[in-house]
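Work through the following exercises with the sequence and the model open. Each task is followed by a stepwise solution.

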Amino acid sequence: MLKGRELAAFRRQLLGWFSQFQRDLPWRHTKDPYRIWLSEIMLQQTRVAAAIPYYERFLLRFPDVHSLANAPQEEVLRLWSGLGYYSRARNVQKAAQEIVAKHKGQFPTRFDDAIGLPGIGNYTAAAILSIAYDEKQAVLDGNVARVLARLGAIRGDLRESQLWQELQESADSLLEPKSPGDWNQAMMELGATLCTPKSPQCLLCPVAQFCEGRKQGIAESLPEKRKKRATVEVVLAAAVFADGRGQTLLLPPPKNTKEKASADHVPTLVSRMWHFPTVSAAGEPRKDLIAFLRKELPEERNRSWELLPAGKVRHAVTYRAITLLPFLIEVKNLPRVSGAKHVPLADISSLPVSNLTRKAARAALATAGLARAKQ
Ligand code: SF4
């Protein structure tokens with residue numbers, strides 16, 4: 001890890017290179033969080049050159065968050081048409097509506113508020129807040145991770161949660177606190193233009209002198225290919241509450257911690273998104289889930305619930321083969337849990353949820369339908 005004068009020189013050289021050689025991109029002429037946010041979402045899974053015309057057309061029609069929030073969804077999707085991944089467009093509009101409803105039309109300045117918006121994860125929130133508001137948040141995505149792995153000659157599977165956490169700490173420590181937005185863009189630009197996946201152009205690199213991967217002659221081989229790990233079977237049990245109005249209860253995204261994630265680490269398995277109350281069920285799933293609910297919902301301790309098995313959901317997350325057993329729990333009133341939300345079970349995607357959670361909702365809905373048909 002660079003410190004003192006070396007760190008100062010590293011920052012100076014990278015920022016100097018960025019200010020001289022950065023590509024002229026339309027979203028680099030603004031500090032408007034709406035425009036920066038839109039560019040970040042469009043650039044997910046889309047090349048810069050392909051995204052630019054869409055970005056410009058979209059802004060002509062929706063120049064601000066209010067116009068996007070109030071537009072018919074069909075029109076938003078039409079202007080997105082061709083970029084693909086339409087969930088991005090839907091989420092952008094849902095987030096715009098939330099920003100208008102809850103944040104007075106202003107993109108939130110707090111990190112926790114930003115990642116609570118549909119379609120916005122850690123990387124996107126850090127990018128927007130640093131560029132628009134100069135918040136000291138270091139970005140970490142695949143590109144930046146590759147650059148950091150080469151700079152530090154870091155081996156191993158970068159997406160493993162422990163290593164990813166260390167890379168985040170490394171990104172945090174390099175961040176230039178006086179200009180975090182430029183800094184983040186400079187790191188991304190280095191990854192996009194010189195420190196590219198296949199053949200890093202170390203001769204042109206402004207920070208080559210600090211690069212351990214180059215010194216050791218292993219830059220091109222980093223990041224290392226992921227080793228295929230033996231599959232680990234994980235069993236989870238989830239409580240899908242449903243009240244008479246079809247509302248269910250979702251718990252908020254678990255916070256990042258430094259604990260080492262085990263194979264059955266629920267926050268990892270729900271992708272740190274909104275989720276049903278879920279427990280790793282190494283023993284008897286129903287009993288494990290009841291014990292978990294009693295512990296996590298202390299105010300409901302004396303309620304007795306009827307847990308209706310809602311089939312089996314199979315899902316894979318990296319090396320884990322997950323069997324999730326959703327239990328439908330029909331109640332008059334949903335439990336009140338601090339930070340939790342009540343949303344329609346048929347539309348849980350109004351909040352950011354993982355595919356695993358979506359599958360559990362579908363299974364529970366099917367079971368609820370069957371139970372009603374039998375009545
Ligand atoms: S010296 Fe090469 S490998 Fe190291 S950061 Fe620069 S481009 Fe990447």
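**Exercise 1.** State which cavity the ligand takes up, and list the residues that surround the ligand.

*Solution.* Step 1: the ligand takes the space of the largest cavity. A cavity is a set of points on a 1 Å grid over the protein atoms alone where a 1.4 Å probe fits but cannot get out, and a molecule sits in it if more than half of its atoms lie within 2 Å of its grid points. The model is predicted: local features need pLDDT of at least 70 and side-chain atom pairs pLDDT 80 or more, while totals for chains, interfaces and linings use all residues. Numbering starts from 1 along each chain as its sequence is written, and side-chain values use heavy atoms, without hydrogens and water.

Step 2: around the ligand (a heavy atom within 4 Å) are Arg150, Leu151, Cys195, Cys202, Cys205, Ala208, Cys211, Arg214 and Ala219.

Step 3: sorted by class, this shell has seven nonpolar, two charged and no polar residues. Here Ala, Val, Leu, Ile, Met, Phe, Trp, Tyr, Cys and Pro count as nonpolar, Asp, Glu, Lys and Arg as charged, and the others, Gly among them, as polar.

**Exercise 2.** Find which residues have the most contacts inside the largest nonpolar core.

*Solution.* Step 1: a nonpolar core joins buried (under 20% relative accessible area, 1.4 Å probe, protein chains only) Ala, Val, Leu, Ile, Met, Phe, Trp, Tyr and Cys residues through side-chain atoms within 4.5 Å.

Step 2: the largest one has 37 residues, and Trp37, Met42, Phe58, Trp80 and Phe107 have the most contacts inside it.

Note on methods: 1 Å grid on protein atoms, 1.4 Å probe; cavity = no way out; pocket = protein on both sides within 12 Å on 5 of 7 lines; lining within 4 Å. Buried < 20%, exposed > 50% of the residue type's maximum accessible area, 1.4 Å probe, protein only.
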